[in-house]
Amino acid sequence: MPKDSNIPRYKVIEKDILDKINSQYYKIKETIPTEKELADEYHVSRVTVRKATDSLVMKGLLKRVAGSGTYVQDSPAHQKFPRQIGFTKEMEKLGMNAKTEVNSFSITKADNYIAKLLKISEGDMIYYIERSRYGDDLLLQFEISYMPVKYFPDLSISYLETSKYDYIENVRNIKINYCHHQDFPILPTPTMAEAFHIDTNTPIMKIINTTYSTDNEIIDYTIQYLNSPNYQLNYIRTRRSEEHTSE
């Protein structure tokens, strides 16, 4: 639990539960942990937990069912895109020179949280990646990615300094089916505001992007923070002949 006296504890818990709903860690129609389990997890009283979940119930995101539990009722609007435009190609369209710096690249074991997001087993090996992406030397995007090692045994920094999607499709020959993405505005942390050269009251976009292969495997889970005053992420949305409805 963050020790920030300016933020009520129940608000911190509420935001964490909401983040887990957004990331599909808690899925629609599934139950969340009990009040006792949440109280133990966050080291707070059940009264504090109840105050956090009450707020999400009022917003229609959670629903309590007597004798059964608390279920995820809804999630903020999300979209499913057949294809995302890569950052490098987007910079080319804008007439800017793209540059990617890999700030962190390591192999580690997936904990329960990440394993559930990637639909792999806890303890499976994953890549943890942090990248800063620039257009004409202006920092436009910071991202954190998790990728299962089993699909990408030869992933290296040199690939990540160019295009991750090109590596996935052209080097590993894994075809991307679609990207499930959710976006919402947030206020930047002081560190991020300084890096983006904006003030802490300027909203930026946080995007959670989950990439699926044609085998319906999750091959990439990425959290992106966009320097929104200077850059907006674009997508190609296509209509396939077999699609009759949209999400």
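**Entry 1: α1 against α2**

I began with helix α1 (residues 9-22) and helix α2 (residues 35-42), whose axes come within 12 Å and cross at roughly 110°. The axes are lines fitted to C-alpha atoms, for helices over the stretch in contact, with angles from 0 to 180 degrees between N-to-C directions. Helices (H or I, at least four residues) and strands (E, at least two) are DSSP runs, numbered from the N terminus.

I note that this is a predicted model, in which local features need pLDDT of at least 70 and side-chain atom pairs count only at pLDDT 80 or more, while totals for chains, interfaces and linings use all residues. Residues are numbered from 1 along each chain as its sequence is written, and side-chain values use heavy atoms, with hydrogens and water left out.

α1 and α2 are therefore roughly perpendicular to each other. My cut-offs: angles under 35 degrees are roughly parallel, over 145 roughly antiparallel, 65 to 115 roughly perpendicular, and the rest oblique. α1 passes α2 in a right-handed crossing. A crossing is right-handed if the near helix is turned clockwise from the far one by less than a right angle, and left-handed if anticlockwise.

I listed the contact (heavy atoms within 4.5 Å). From α1 come I13, D16, I17 and K20; from α2 come L38, E41 and Y42. By class, the contact of α1 with α2 has four nonpolar, no polar and three charged residues. Ala, Val, Leu, Ile, Met, Phe, Trp, Tyr, Cys and Pro count as nonpolar, Asp, Glu, Lys and Arg as charged, and the others, Gly among them, as polar.

**Entry 2: α1 against α3**

Next I took helix α3 (residues 46-58). Its axis and that of α1 come within 8 Å and cross at roughly 50°. α1 and α3 are therefore oblique to each other. I logged the crossing of α1 and α3 as right-handed. On the α1 side the contact is made by R9, Y10, I13, E14 and I17; on the α3 side by T48, K51, A52, T53, S55 and L56. I sorted the contact of α1 with α3 into five nonpolar, three polar and three charged residues.

**Entry 3: α2 against α3**

The axes of α2 and α3 come within 9 Å, and I read a crossing of roughly 105°. That makes α2 roughly perpendicular to α3. E35, K36, L38 and A39 of α2 meet R46, V49, R50 and T53 of α3. The classes in the contact of α2 with α3 are three nonpolar, one polar and four charged residues.

**Entry 4**

I moved on to strand β1 (residues 62-65) and strand β2 (residues 69-72). They pair in the antiparallel sense over four bridges. Two strands pair if DSSP finds at least two bridges between them. V65 stands opposite G69 in β2. β1 and β2 form a hairpin with three residues between them. In the turn, G67 has a positive phi of about 75°.

**Entry 4: K164 and α7**

K164 is found in helix α7 (residues 164-171). Is K164 buried or exposed? At 7% relative accessibility, K164 counts as buried. Buried means under 20% relative accessible area, exposed over 50%, partly exposed in between (1.4 Å probe, protein chains only). The buried residues of α7 include Y165, Y167, I168 and E169 as well as K164.

I then looked up its contacts. Leaving aside neighbours within four places in sequence, K164 is in contact with R131, E143, S145, M147, Y159, D220 and T222. K164 and T88 are 76 residues apart in sequence, yet 9.9 Å apart in space, C-alpha to C-alpha. Just after α7, N173 takes a positive phi of about 55°.

S213 is in strand β9 (residues 204-213). S213 is buried, with a relative accessible area of 3%. What does S213 touch, not counting residues up to four places away in sequence? I found I174, K175, I176, N177 and I219.

N209 is also found in strand β9. At 2% relative accessibility, N209 counts as buried. N209 and S145 are 64 residues apart along the chain, and their C-alpha atoms are separated by 9.4 Å.

**Entry 5: positive phi in two loops**

D137 lies in the loop between β6 (125-135) and β7 (138-148). Phi of D137 is near 70°, a positive value in a residue other than glycine. D137 is exposed, with a relative accessible area of 64%.

H197 is found in the loop between α8 (190-196) and β9. I read its phi as near 60°, a positive value in a residue other than glycine. H197 is exposed, with a relative accessible area of 68%.
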